[in-house]
Amino acid sequence: MRTCLKIKMNVGLLTVHTLAYCPKEWIEVELLVKGHSDLGEVAPEVKPSDSQTSVAIADLEWREMEGDDCGFHCGDGTNEAQDNDFPTVERSRLQEMLSLLGLETYQAQKLTLQDALQISFDSMKNWAPRAPKDLPWHFLRKLQALNAEARNTTMVLDMPPDAWPAEKGSQMEEEMMYWDPAEDISAEDIYSFSELPMPDTPVNPLDLLCALLLSSDTFLQQEVLQKMSLCQFALPLVLPDSENHYHTFLLWALRGVVRTWWFQPPRGLGSFREDSAVLSRVPTFAFVRMDVSSNSKSQLLNAILSPARRQWDCFWHRDLNLGTNPREIADGLVEISWVFPSGKEGLDIFPEPVAFLNLRGDIGSHWLQFKLLTEVSSAVFILTDNVSKKEYKLLCSMQESSTKYYFILSPYRGKRNTNLRFLNRLTPVLKIDHSHVLVKVSSTDSDSFVRRIRAILCSVARSPCRRVSVEDMAHAARKLGLRVDEDLEECQKAKDRMEKILRKIKDVDAYKRDELRLQGDPARKAAQVEREFCQLQEPPEKHRAELRRRVLELRVQQNGQEPTSGVQEFILGISSPSLGERQYFLRWMEWGLARLGQPRPRQPPETLLTLRPKLGGASDLTESLWPEPLGVEHFLREMGQFYEAESCLVEAGRLPAGQRRFAHFPGLAVELLLGGLPLELVDGATLSIPVRWVTGLLKELHVCLDRRSRLVVLSALGVPGTGKSTLLNTMFGLKFATGRSSSPRGSFMQLLPVAEGFSQDLGCDQILVIDSGGLISGALASAGDRFELEASLATLLMGLSNVTVVSLAETKDIPPAILHAFLRLEKTGHMPNYQFVYQNLHDLPVPSPKPRDRRQLLDPPTDLSRASPHMEKQGGGFRTLAGLAERQHIWHIPALWHGAPPMASVSLAYSEAIFELKRCLLENIRNGLSNQNKNIQQLIELLRRL
C-alpha cells in the first residue's frame, strides 16, 4: 500500500482535495458496440474472445481499485486546499525562474506601468535579447507595439548557432554564466537550477508570461492583457503561483478588455454591440487534458477558432516556433479567449459570442482549476489517451455536475478495450452517451473532425445551456477558495466611491446640466469673450475695459457656485493618500461612465463610409452620430473652471489670495498626469484653452519634477478617425481615447518619462505628448468662424511643439486649418520638425491587402498643389511646405488590421511601420533636428504668448 501511495504522489494524481463518494454498486452499460459513432471514429469492433479477455482484466483491475483505501476528498474552499497542488521542489523552481529572468527584485515592489513606459536606449532600436534577463523587457516592448510576434521573443541568445557558448565546458564556466561564484550555493540549489532552461534554450512563452504577471502590479497586468487582446492572443484567467500557494483569478486584469461585434442577421442599424468582455454572458466551453493525450489540445482549439483559409494561433502550442520547450511554472494556468461575430454569415464560425477556456496541465494535478471549469462551462471537452481506473475515480466526483462532458480520445494498441470498459462505467455518472465520445486517430481527416466539434459546440450553444460572464466565473472561483485580484481593499473602496457617484446619474444630459454647472453657458460665454479679447488688434481702451468687465462678471457668477456632491465625491476619490486607491478609482470611473449611456445604434463601417460624403465631412459625421460621452475629463474640467474663476478674481483684486479654496486643484490633477492619465489641454466644450488652469498645471508639474523638467513636446494633429490616437498609443503605450463613439472632443496631453541614463543623450527628461483629439474637423475656409477657430488651435498646438505628426487618411486630404497653421508659424520662425503620416484606414471585414513596402515616399501631398492658388499671398510659406518631399518627411502606414474585425489582429506590417516612425522621431530629437528643447517655465511663457 505504501508503494502504491508513493507512486500516485509522484505522478501527481493524489491530492488532499475531497472528491465525492464513489459507490461500490455499479451498473454496467454496453456502450459503443459498433465501430463508429454518429460524430466521429471510435475504436474498431472488438472480437468476442478479445472482449472477454479484456473485460476479465478490467474487472480484476476494478476489484483491486475497490480494495484501495486511498480516499479522495473534496476541496473545502480554503486556501490550504491549494497548498498541496505543488510539491516543495516546484516552489523553488518558481524562484529560480524569476531569478533567471531578472524578476526576483520585483516580488516585494512590483513592476509598474510607468516602469514599462519609460523611454530608454532600447526604445530606439529593434534589439534582440542577449540574456534571459532581457526577455521580459523584450516581450513588453513587442507587446506595447502590438507586434504579433511578441510571443516569439523567447530565444535567449539571438545569434548564429556557431556563436553560442560551447555546450561542453567546465563547471566553473557554466557557473560564471548563471550566478556569482562568490555566493554560497548548496548542492541542492545547483541541481535544481541545472534543470532550468539554459541560455541557448528558449524559455517557454507561457512561463515568461506567468513570471512577468507575478512580478507586475495590477495595473501593468491590465495593460499586458489589453495589448494581448488586441493581438488576439489567449488571455490568462487563472494565474498559478506555486511559491505563495495561491492561484489568482484575474478579474481586475481583464476588466479593461472591451470588444465589439455585430449580430447576424440582419447586419444593419442596431446590430452593433460594444461591451466589456468581463460583463458579457456567453456560452463557455472548456478544453482540458486528462493524463496524456497524443493530440495537441491548444492546436485543436486553434483549428476550431480559425476562420476559413486562415490559421489563427490564439493559443500557444507545442508545434509553434519554440513551443516544444516544457513548461516550468505555467502548469495550472487557465486561459480564455472569445470568438465574436462580424455579422456576415460567410465569415462567422458562431452566430453569437462564445468563450473558450484552456487548462494547461493535467486535471489530476490541477483539480481545483478543473473543478472551476466544470462549474462555469456549458460543456467540457476532455482530451486523453487513457480512461483507466485512476481517471475513472477522478471523474466519479463529477456525478452531481450539470455540465455536459465530451471525450476526445486518441487510443493506441493495448488501451482501447480498457478505455471502452471505463467509458461504459462513466455513462451513468457523467450522463453521457455514444454521441459524447469522439476518437481522433491519425487517419481521421482533420478538417472534418473540426467540423464535427464545431457542430457540437453550435448545438450546445443553441440549446438551453449555462451562460456566464467572467464576473460570474469570479463568484465561483471565490467559493472554491481561489484568490480574486479585484478583492483587494483599495480596489473595493474605490469601487464603492464610484458607485456612490454613478447612482445619482439617471440621465447624462441632465447630470451635466445640473451637477456640472460651471460648464454651461457661463463657461462658453467667458471663453468667447476671452477669445475676442485676444484676437483684437490694438482695441480702444474703452472696448478692452468692457471685455474685462464682462469676463469678470461671468467669473464672479461661476465663483458663486459650490461644487456639487458628485464633484466633491470625485475630488475625495483623487485626493486619497493611497496612490493605489486613486488609480483604482479612476479606472472604475472610466468604466462606470462608459457604461452609463444606453447602447446607441451604430451602423456597420461600410455604411458609415457611404454616409461620409452625404454628411459633408468628418465633423458632421462625428457630431451628428456620436455626441460626446460623459467621462472623467468632465469632472476635471469642472475643477478647472472653479480654479479659473477663482484665479480671475484674485488677479482682478476681487478676492484675497489667502481666501482661495481651490488652489490645490492643479496639484491633484498633476498627480494623475504623473500616474499616466491624459489631461485635457484644450476644452472640448468651448474649444478654448483655460490658460490659468493649464498654467497652474504646468507650474505644479515643474515643482513635482524638480530638476528633471527639460521637455520635448510632441503633438499629433489630424481629423478624427484618421488613426492618430491609435498611432500614439501603439508607439508609446499611451492612453488616449480611441474610436469615434468614445473619444472626447478636446485635446489631451500625457507625459512620458525618459530614463535617467538616457536623458542626457536624448537631451530631455520628459516627453509631453499632445493629441489634438476632435479639434480639427476638416472645416473649409468657407466655414468662417469654425475654420478660423480650428486654424488658431492648430497654430497653438504646433507652436508649442518640437515635433508634430500630421495624421492623414489615405485620401491625402490635409485639413486646411493645419495648412494655415504651418504658414502662420513659418512667419514667426517657429517651425517644428514635422512628419506627414498617411494611414490606410481600410479596417473593413475584407481580406487584408498585401503588406506594402514600408518606405518614406517622396511624393508630395496633392493637397499642397491644390491649395497653392489660395496661398500665393503667403509668400514663401507654401514653398516651405512644398519642400517636404525633398526632406523625406512623408510616411505611408499599412492598414491596422490583419483579417476581418472584430476577430482581426493588428497587422505585423503596421506594428513594424509604427516602430520605424517612433525610431525616426526619437532620432530627430536626439540629433537636435526638432526645435530647441524647452523647460516648463519656457513652455508657460510660450503658451501665454501664443
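Colleague: Which residues of the second largest pocket lie nearest its centre?

Modeller: They are Glu530, Arg531, Cys534, Ile689 and Val691, out of a lining of 47 residues. The model is predicted: local features need pLDDT of at least 70, side-chain atom pairs count only at pLDDT 80 or more, and totals for chains, interfaces and linings use all residues. Residues are numbered from 1 along each chain as its sequence is written, and side-chain values use heavy atoms, without hydrogens and water.

Colleague: What makes a set of points a pocket, and what makes it a cavity?

Modeller: Both are found on a 1 Å grid over the protein atoms alone; a pocket is an open set with protein on both sides within 12 Å along at least five of seven lines, while in a cavity a 1.4 Å probe fits but cannot get out. Lining residues have an atom within 4 Å of a point. The second largest pocket holds about 1,400 Å³ of space, where volume is the space filled by probe spheres set on the points, joined across faces, edges and corners.

Colleague: Which helix supplies the largest share of that pocket's lining?

Modeller: α20 does, with eight residues. Others that supply at least two residues each include α21 (541-559), α31 (785-800) and α32 (816-828). Helices (H or I, at least four residues) and strands (E, at least two) are DSSP runs, numbered from the N terminus.

Colleague: How do the residues of this lining divide by class?

Modeller: There are 22 nonpolar, 11 polar and 14 charged residues. Ala, Val, Leu, Ile, Met, Phe, Trp, Tyr, Cys and Pro count as nonpolar, Asp, Glu, Lys and Arg as charged, and the others, Gly among them, as polar.

Colleague: Why are α31 and α32 called oblique to each other?

Modeller: They pack at about 55°, with axes 8 Å apart. Angles under 35 degrees count as roughly parallel, over 145 as roughly antiparallel, 65 to 115 as roughly perpendicular and the rest as oblique. The pair is therefore oblique. Axes are lines fitted to C-alpha atoms, for helices over the stretch in contact, with angles from 0 to 180 degrees between N-to-C directions.

Colleague: What makes α12 roughly perpendicular to α16?

Modeller: The axes of α12 (residues 297-305) and α16 (residues 446-462) come within 10 Å and cross at roughly 75°. That angle makes α12 roughly perpendicular to α16. Leu300, Ala303 and Ile304 in α12 meet Phe449, Val450, Ile453, Arg454 and Leu457 in α16, where contact means heavy atoms within 4.5 Å. This contact has seven nonpolar residues, no polar ones and one charged.

Colleague: How many cavities of 30 Å³ or more does the search find?

Modeller: Seven, across the whole structure. The largest cavity holds about 150 Å³ and is lined by 14 residues, with Glu633, Leu636, Arg637, Glu680 and Trp693 nearest its centre. α26 gives the largest share of that lining, five residues. Eight residues of the lining are nonpolar, two polar and four charged.
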